[in-house]
Amino acid sequence: MNRRHSMLGATLGLLAPLGVVTAVQAQPKPLAENGLTIVVPFVPVAGKNREDVVKAMKNVAAVIRRQPGVIDDVLMEARSPANNPAFVHVARWRERKHWDALFSNPEVIQAMKANAGFFTLDGAGVYIPLETK
């Protein structure tokens, strides 16, 4: 595992006690030309109403959207009650270093702490496009 993956695991590990992050999967492959995609499942805290959970997720997504290296992002909700997780945040990043820097950014940390009572993040899947040629 290279230094960036170690740093990512360490920084996300620091957020785990806050209930913000519970796991992360490292991405060992080199970055493709059109960036990498991060899929983060949001798990609503039991007893919180949907509107408050959605507002909290949007607050965090708005802060993430302003960070260097974000290409685009979308917050998505499952349409079937049987789907778990009910919400995911999908973001494309220019480079892995931008994603790695996200959780050491004070603005992001503050946004997560301020909204942590409404959801937890159940891991982060890191994806790159398949070669289609």
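Author: Isoleucine 109 is found in helix 4; helices (H or I, at least four residues) and strands (E, at least two) are DSSP runs, numbered from the N terminus. The model is predicted, so local features need pLDDT of at least 70 and side-chain atom pairs count only at pLDDT 80 or more, while totals for chains, interfaces and linings use all residues. Residues are numbered from 1 along each chain as its sequence is written, and side-chain values use heavy atoms, with hydrogens and water left out.

Reader: Why is isoleucine 109 called partly exposed?

Author: Its relative accessible area is 23%. Buried means under 20% relative accessible area, exposed over 50%, and partly exposed in between (1.4 Å probe, protein chains only). The value of 23% therefore places isoleucine 109 in the partly exposed class.

Reader: What is isoleucine 109 in contact with, leaving aside its neighbours within four places in sequence?

Author: Isoleucine 109 is in contact with Phe103 and Ser104, where contact means heavy atoms within 4.5 Å. Between the C-alpha atoms of isoleucine 109 and valine 60 there are 9.4 Å in space and 49 residues in sequence.

Reader: What makes helix 2 roughly antiparallel to helix 4?

Author: Helix 2 and helix 4 pack at an angle of about 180 degrees, and their axes are 9 Å apart. Axes are lines fitted to C-alpha atoms, for helices over the stretch in contact, and angles run from 0 to 180 degrees between N-to-C directions. Angles under 35 degrees count as roughly parallel, over 145 as roughly antiparallel, 65 to 115 as roughly perpendicular and the rest as oblique. The pair is therefore roughly antiparallel.

Reader: Which residues make the contact of helix 2 with helix 4, and how do they divide into nonpolar, polar and charged?

Author: Helix 2 contributes Ala56, Asn59, Val60 and Val63, and helix 4 contributes Glu107, Val108, Ala111, Met112 and Asn115. They divide into 6 nonpolar, 2 polar and 1 charged. Here Ala, Val, Leu, Ile, Met, Phe, Trp, Tyr, Cys and Pro count as nonpolar, Asp, Glu, Lys and Arg as charged, and the others, Gly among them, as polar.

Reader: Why is histidine 98 called buried?

Author: Histidine 98, which lies in helix 3, has a relative accessible area of 19%. That value falls under the cut-off for buried, so the term applies. Not counting residues up to four places away in sequence, histidine 98 touches Pro68, Gly69 and Trp93.

Reader: Why does valine 39 count as partly exposed?

Author: Valine 39, found in strand 1, has 22% relative accessibility and therefore counts as partly exposed. With neighbours within four places in sequence left aside, its contacts are Val88, His89, Val90, Gly123, Ala124, Gly125 and Tyr127. The C-alpha atoms of valine 39 and glycine 123 are separated by 8.6 Å, although these residues are 84 apart along the chain.

Reader: Which residues touch the most other members of the largest nonpolar core?

Author: Of its 25 residues, these are Ile38, Met57, Trp93, Trp99, Leu102 and Phe119. A nonpolar core is a set of buried Ala, Val, Leu, Ile, Met, Phe, Trp, Tyr and Cys residues joined through side-chain atoms within 4.5 Å. Helix 2 supplies the largest share of this core, 7 residues. Leucine 102 is in contact with Ile64, Gln67, Trp93 and Val108, leaving aside its neighbours within four places in sequence.
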